[in-house]
Amino acid sequence: MDHFKYKNGHLYAEDVPVEKIANDFGTPLYIYSYATLIRHFKAYEESFKSIKHLTCYALKANSNSTIVKIASKEGCGADVVSGGELYKALKNGISPKKIVYAGVGKTKDEIAFAINKGILMFNVESLDELLQINDVAKSLKKQAPIALRINPDIDPQTHPYISTGLKKHKFGIPIEDALEHFKIAQSLANTKVLGIHMHIGSQLTNVLPFVDALKRILKLKYDLKNLGIEIDYLDIGGGIGINYNDEKPPHPSELSNHILPMLKNLDITLILEPGRSIVGNAGILVTKTLYLKKGDGKEFIIVDAAMNDLIRPSIYGAYHRIEPVKKTKRNTILADVVGPVCESGDFLAKDREIKKVNKGELIAVMSAGAYGFSMASNYNSRPRPAEVLVKGDNNYLIRKRETFRDLIKGEIIPDFI
Ligand code: LLP
């Protein structure tokens, strides 16, 4: 996280004081560091350069057009999960031939859109969906490239809401049904089997679940070969965690050190779908203290950012470090940092020891670049925050703050009212 650092007691985003950016654009405000993004994209490229690979940035982590365009310029493809994400990936210059499309509920229209654009492959999550893709492709007189997403039944040892590779989860095809499903896929006239996909979960802080899952997938690849089904792409999903507090997530090179030996002598292209590890620590959320209030044994620091801006603490109990934008030598207090939304679950930090802050002062919610803005909503009719990208000593507004007018965009009041 070294591009958000203190200089003379002031928090900087690269070479720009956070306070200056907040004064220029208001709060709450997302600020991203360009240098951090580039470092993370390059870490993947560097770690996997010895084999054929494609890094498909997972747009769900943060699909701001500027960030997607940076991914595109760094040579990445995209992992998309909706027609909207596919649109944004294409619009920002990602070649369709570098786009993989996952998600358990693709609609007919979304499938047709992706086939017409010529994406690299669908990561298919069920037999029903496979048949639907075949039908849509037939009606378009095309062949749809597919991988089957296999659920390897591996516990990724992460938060239950963001683990996806166990039998009980809705994702993918159970590994014991995989051969049968591949045989069916192979027999369909309008689908072409290209790959195997897996994604076992998010915020993984250990590489072993990847290794265990990959072992199962490689055994499947071997069994498929014996059936005459060749696999060109192995897509191992995303999931590498980041340091929110004191986790020690693996660097992409640690993942590559573990898995590249397993892929030796295989003529495949490896696909990776990182989201959080690219953008999570490249972003912070800056918010202003509105009020202070004494609670029962703790204080409430009421700030102008809320669960609608960053929902991770509310729904996963996620921990985000809270740092003052200007360091002080004040005492530490026990506090909840809460937003203005009318929900008890509206907090950014709970029972946290933090340095006392005064009304009007700015604080930064760290590691907020992934699943921050992308999960933001207008709940309580709150306009969503602005987003700024910093590069060196320059900063650029990459999304305007929403206005009240934006809140009623698209709403229609029938004449009789
Ligand atoms: N590929 C697939 C198929 C996925 O489902 C995901 C994330 C990714 C790639 C990217 O995973 P990452 O590298 O970011 O871990 N909202 C939650 C995270 C949900 C992740 C969903 N899938 C959070 O805020 O923690």
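The lining of the largest pocket comprises 12 nonpolar, 9 polar and 8 charged residues. In this classification Ala, Val, Leu, Ile, Met, Phe, Trp, Tyr, Cys and Pro count as nonpolar, Asp, Glu, Lys and Arg as charged, and the others, Gly among them, as polar. The structure is a predicted model, in which local features need pLDDT of at least 70 and side-chain atom pairs count only at pLDDT 80 or more, while totals for chains, interfaces and linings use all residues. Residues are numbered from 1 along each chain as its sequence is written, and side-chain values use heavy atoms, with hydrogens and water left out.

**The largest pocket**

- The largest pocket holds about 580 Å³ of space; a volume is the space filled by probe spheres set on grid points, which are joined across faces, edges and corners.
- A pocket is an open set of points on a 1 Å grid over the protein atoms alone, where a 1.4 Å probe fits, with protein on both sides within 12 Å along at least five of seven lines; lining residues have an atom within 4 Å of a point.
- The lining has 29 residues, of which Lys60, Thr164, Phe171, His199 and Tyr371 are the closest to the pocket centre.
- Helix H10 (276-279) and helix H11 (312-316) each contribute at least two residues to this lining; helices (H or I, at least four residues) and strands (E, at least two) are DSSP runs, numbered from the N terminus.

**Helices H4 and H5**

- Helix H4 (residues 83-91) packs against helix H5 (residues 108-117) at an angle of about 25°, with the axes 9 Å apart; axes are lines fitted to C-alpha atoms, for helices over the stretch in contact, and angles run from 0 to 180 degrees between N-to-C directions.
- H4 and H5 are therefore roughly parallel to each other (angles under 35 degrees count as roughly parallel, over 145 as roughly antiparallel, 65 to 115 as roughly perpendicular and the rest as oblique).
- The crossing of H4 and H5 is left-handed, a term for a near helix turned anticlockwise from the far one by less than a right angle, with clockwise giving right-handed.
- Gly83, Leu86, Tyr87 and Leu90 of H4 are in contact with Glu110, Phe113, Ala114 and Lys117 of H5, contact meaning heavy atoms within 4.5 Å.
- This contact includes 5 nonpolar, 1 polar and 2 charged residues.

**Helices H5 and H6**

- The axes of H5 and H6 come within 10 Å and cross at roughly 60°, so the two helices are oblique to each other.
- Their crossing is right-handed.
- Lys108, Ile111, Ala112 and Ile115 of H5 make the contact with Gln132, Ile133, Val136 and Ala137 of H6.

**Helices H8 and H9**

- Helix H8 (residues 208-226) and helix H9 (residues 252-263) pack at about 15°, with their axes 10 Å apart, which makes H8 roughly parallel to H9.
- In H8, Phe210, Val211, Leu214, Lys215 and Leu218 meet Leu255, His258, Ile259, Met262 and Leu263 of H9.

**Backbone details**

- Most residues other than glycine have a negative phi, and most peptide bonds are trans.
- The peptide bond from threonine 27 to proline 28 is cis, with omega near -10°, and proline 28 lies in the loop between helix H1 (18-25) and strand S4 (29-33).
- Lysine 141 has a positive phi of about 55° although it is not a glycine.
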